[in-house]
Amino acid sequence: MPRKKSSPQKKHRFFLNPYIDCAFTKCPKCETKTKIRKFPLVIHIEPQQLFFLNKKCKYCTNCELIIVKKQEIEFLIAAGLNQPPETIENKYLVMGTIERKDWQAANKGLLSPQEIITRMYVFKDQWDFEVIPAGWYPSEEK
Ligand SMILES: [Zn+2]
């Protein structure tokens, strides 16, 4: 079925966790205990490459927030591209997620990058949190 609208569908929020020693067993926003869930992530790598990663992430069902460790994802991207991790840093953007069946089709080469982009769920929002001794606060509320 062709879609009527070409604007991207939106789903989930995203937080790229830069803190190596913080696992976020609780959501930094609402303090709900986070769950572990696998998401097929769509990552854009400069200059023009799409990379897919079916990755276990921390997930807050309340905020629909996906939390991914920066160090982990950079390591996996670098391994997937056969490049040292330092060449990946600041050259990628985790854009959204795709359905598992679309991820499988993409891996088999059955979907073109253009088709994947039209099926992708772009993140509603990218959040950022900073650590201060008393707890976690969204960085825009400093
Ligand atoms: Zn939450």
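Me: What pLDDT does the protein average, and what share of the residues score at least 70?
Reply: This is a predicted model. The average pLDDT is 88, and 88% of the residues score at least 70.

Me: Where is confidence lowest, and where is it highest?
Reply: Lowest in strand β10, residues 135-138, with a mean of 64. Highest in β5, at 97.

Me: How should I treat the coordinates where pLDDT is low?
Reply: Don't read them in detail there.

Me: OK, the fold. How many helices and strands?
Reply: Three helices and 10 strands. Along the sequence the pattern reads β-β-β-β-β-α-β-α-α-β-β-β-β.

Me: What order do the strands take in the eight-stranded sheet?
Reply: β1-β7-β6-β3-β4-β5-β2-β8. The sheet is open and its pairing is mixed.

Me: And which strands are at the edges?
Reply: β1 (9-10) and β8 (125-127). Each of these pairs on one side only.

Me: Which helices pack on that sheet? Start with what α1 touches.
Reply: α1 packs against β2, β3, β4, β5 and β6. Its direction makes about 70° with that of β5. Helix α2, residues 100-107, also packs on the sheet, touching β3 and β4. The direction of α2 makes about 150° with that of β4.

Me: Back to the strands. In what sense do β3 and β4 pair, and over how many bridges?
Reply: Antiparallel, over 11 bridges. β3 covers residues 35-45 and β4 covers 49-60. They form a hairpin with three residues between them.

Me: What's in the loop between β3 and β4?
Reply: Pro47, for one. The peptide bond joining Glu46 and Pro47 is cis, with omega about -5°.

Me: How does β3 pair with β6?
Reply: Antiparallel again, over five bridges, with β6 at residues 92-97. Leu41 sits opposite Thr97 in β6.

Me: And how many bridges join β4 to β5?
Reply: Three, and the two strands run antiparallel. β5 spans residues 65-69. Leu65 in β5 is the bridge partner of Cys60.

Me: Leaving aside neighbours within four places in sequence, what is Cys57 in contact with?
Reply: Arg37, Phe39, Ile66, Ile67 and Val68.

Me: How much of the whole protein counts as buried?
Reply: 24% of its 142 residues.

Me: Where does Ile20 sit?
Reply: In the loop between β2 (13-17) and β3.

Me: Is Ile20 buried or exposed, and why?
Reply: Exposed, because it has 10 other C-beta atoms within 10 Å.

Me: On to α1. How does its reach compare with the expected value?
Reply: α1, residues 70-81, has 12 residues and reaches 16 Å from first C-alpha to last. That is close to the 16 Å expected at 1.5 Å a residue.

Me: What follows α1?
Reply: Asn82, with a positive phi near 60°. Asn82 lies in the loop between α1 and β6.

Me: Why do Asn82 and Asn90 count as exposed?
Reply: Asn82 is exposed because it has 6 other C-beta atoms within 10 Å. Asn90 is exposed because it has 8 within that distance.

Note on methods:
Residues are numbered from 1 along each chain as its sequence is written. This is a predicted model: local features need pLDDT of at least 70, side-chain atom pairs count only at pLDDT 80 or more; totals for chains, interfaces and linings use all residues. Helices (H or I, at least four residues) and strands (E, at least two) are DSSP runs, numbered from the N terminus. The expected span of a helix is 1.5 Å times one less than its number of residues. Two strands pair if DSSP finds at least two bridges between them. A residue is buried if 20 or more other C-beta atoms lie within 10 Å of its own, exposed if 12 or fewer, and partly exposed in between; C-beta atoms are placed from the backbone. Two residues are in contact if their C-beta atoms, placed from the backbone, lie within 7 Å. Axes are lines fitted to C-alpha atoms, for helices over the stretch in contact, and angles run from 0 to 180 degrees between N-to-C directions. pLDDT is the predictor's confidence in each residue, from 0 to 100.
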